[in-house]
Amino acid sequence: MHADAVVLDVDGVLVDVADSYRRAIVESIARLYDRTIDKADVQRFKDAGGFNNDWELTDAAALCLLVDDRAPMSVAEFTDRIHDRGGGLAAAEAVAEAHLDPDDYAAVSEAWDREGLREAFQALYLGTDRYRELEGGDPPFEAPGYIHDEPVIVEGETLDYLTSNHRVGVLTGRPAAEADIALSRARLAVPEDHRFTMDDWEEGKPHPRALTTLADRLDAESVVFVGDTLDDVRTAVNAAEADAGRTYHGVGVLTGGLTGEAGREKYEAAGAAAVVDSVNDLPDLLTAQE
């Protein structure tokens with residue numbers, strides 16, 4: 001697993017988002033609909049694929065509950081059907097439409113308030129002051145901001161090793177401003193042209209374009225991409241298919257939603273080259289392969 005370059009995801013890799021982004025997903029839905037999914041169900045949507053954007057995951061989870069109100073369907077069945085249709089929000093909408101009669105689907109569509117969900121999510125995640133700063137207006141309600149509840153996972157020694165021995169890039173589904181905050185907290189400085197955020201590309205993971213572009217910008221023949229979801233691993237697999245002139249390895253960490261032996265098995269089934277307990281095991285992994 002030789003690597004000229006190491007590309008890092010942010011959430012679940014550099015910082016722990018269990019009590020920030022994932023909490024905001026659950027509570028945004030509860031604020032609008034007085035019921036919500038369990039926090040553990042967030043991982044079902046992640047595993048279904050196509051939900052690198054947590055706003056869209058929130059939308060899909062809310063849609064699941066609205067569908068269930070009209071014609072019972074569990075979160076597990078809903079996400080399985082999303083996966084069968086290729087993943088993502090468009091697949092979730094297709095599942096809802098196929099499951100409901102036209103009148104019920106119309107009623108669900110009317111009740112599905114994507115703008116309201118996004119505003120609630122950002123208010124909960126950013127907090128009042130940062131909402132005004134980044135969103136350019138007043139939040140729908142006052143909140144302290146879960147963004148302050150993101151413990152740093154990556155250790156300084158790990159970053160020292162990576163930046164001294166490899167070219168380092170970042171590939172994240174965060175908006176750029178929120179990526180800046182997390183990278184600053186983790187004490188990782190990455191030039192703008194060595195990172196991709198939500199603002200830099202439309203396709204999202206597991207589309208390979210961002211990773212292959214970073215490989216080119218980093219002038220790398222071999223790339224390790226470290227992430228905390230199956231879509232992160234699939235991104236590396238897809239990059240290898242799209243860019244045969246380079247070698248890509250997807251490495252999964254067990255510090256996000258995928259944990260334990262079950263998480264390890266899911267990563268391996270998705271094509272992971274390796275699975276590590278945390279990003280801090282990466283130096284040993286890479287050194288062992290040199």
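## Close-up views of a predicted model

**View 1. The packing of helix α4 against helix α5.** Phe78, Arg81 and Ile82 in α4 meet Ala91, Ala92, Val95, Ala96 and His99 in α5, where contact means heavy atoms within 4.5 Å. By class, this contact holds six nonpolar residues, one polar residue and one charged residue. Ala, Val, Leu, Ile, Met, Phe, Trp, Tyr, Cys and Pro count as nonpolar, Asp, Glu, Lys and Arg count as charged, and the others, Gly among them, count as polar. Helix α4 covers residues 75-84 and helix α5 covers residues 89-99; the two pack at an angle of about 115°, and their axes are 8 Å apart. Axes are lines fitted to C-alpha atoms, for helices over the stretch in contact, and angles run from 0 to 180 degrees between N-to-C directions. The crossing in which α4 passes α5 is right-handed; a crossing is left-handed if the near helix is turned anticlockwise from the far one by less than a right angle, and right-handed if clockwise. Helices (H or I, at least four residues) and strands (E, at least two) are DSSP runs, numbered from the N terminus.

The model is predicted: local features need pLDDT of at least 70, side-chain atom pairs count only at pLDDT 80 or more, and totals for chains, interfaces and linings use all residues. Residues are numbered from 1 along each chain as its sequence is written, and side-chain values use heavy atoms, with hydrogens and water left out.

**View 2. Glu77 in helix α4.** Glu77 is found in helix α4. This residue is partly exposed, with a relative accessible area of 32%; buried means under 20% relative accessible area, exposed means over 50%, and partly exposed lies in between (1.4 Å probe, protein chains only). Glu77 and Cys64 are 13 residues apart along the chain, and their C-alpha atoms are separated by 9.8 Å.

View 3. The domain assignment of the chain gives domain 1 (5-16 + 151-288) and domain 2 (18-146), with bounds that come from an automatic or database domain assignment. Between the C-alpha centres of domain 1 and domain 2 the distance is 25 Å. Contacts join 19 residues of domain 1 to 19 residues of domain 2. The area buried between domain 1 and domain 2 is about 1400 Å², and carbon and sulfur atoms give 47% of this area. Buried area is the accessible area (1.4 Å probe) that two parts lose on being put together, summed over both.

**View 4. Helix α9 and its cover.** Helix α9 spans residues 176-186, and its buried residues include Ala176, Glu178, Ala179, Ile181, Ala182, Leu183 and Ala186. Among the elements that cover the buried residues of α9 are α1 (21-33), α7 (114-135), α8 (156-165), β2 (167-171) and β3 (195-196). Ala182 has a relative accessible area of 1% and is therefore buried. Leaving out residues up to four places away in sequence, Ala182 touches Val10, Val15 and Arg174. Ala182 and Glu150 are 32 residues apart in sequence, with 8.4 Å between them in space, C-alpha to C-alpha.

View 5. Arg187 follows α9 and lies in the loop between α9 and β3. Although Arg187 is not a glycine, its phi is positive, about 65°. With 74% relative accessibility, Arg187 counts as exposed. Asp34, in the loop between α1 and α2 (41-48), has a positive phi near 60°. Asp34 is exposed, with a relative accessible area of 73%.

View 6. Thr235 lies in helix α11 (residues 230-242) and is buried, with a relative accessible area of 0%. Apart from neighbours within four places in sequence, Thr235 is in contact with Leu171, Lys205, Pro206, His207, Pro208, Leu211 and Phe225. Of these contacts, Lys205 and Pro206 are joined by a cis peptide bond, with omega about 10°. Pro206 is placed in the loop between β3 and α10 (209-217).

View 7. Thr229 is found in the loop between β4 (222-227) and α11. Its relative accessibility is 9%, so Thr229 counts as buried. Not counting residues up to four places away in sequence, Thr229 touches Lys46, Leu258 and Tyr267. Thr229 and Lys46 are 183 residues apart in sequence but 6.9 Å apart in space, C-alpha to C-alpha.
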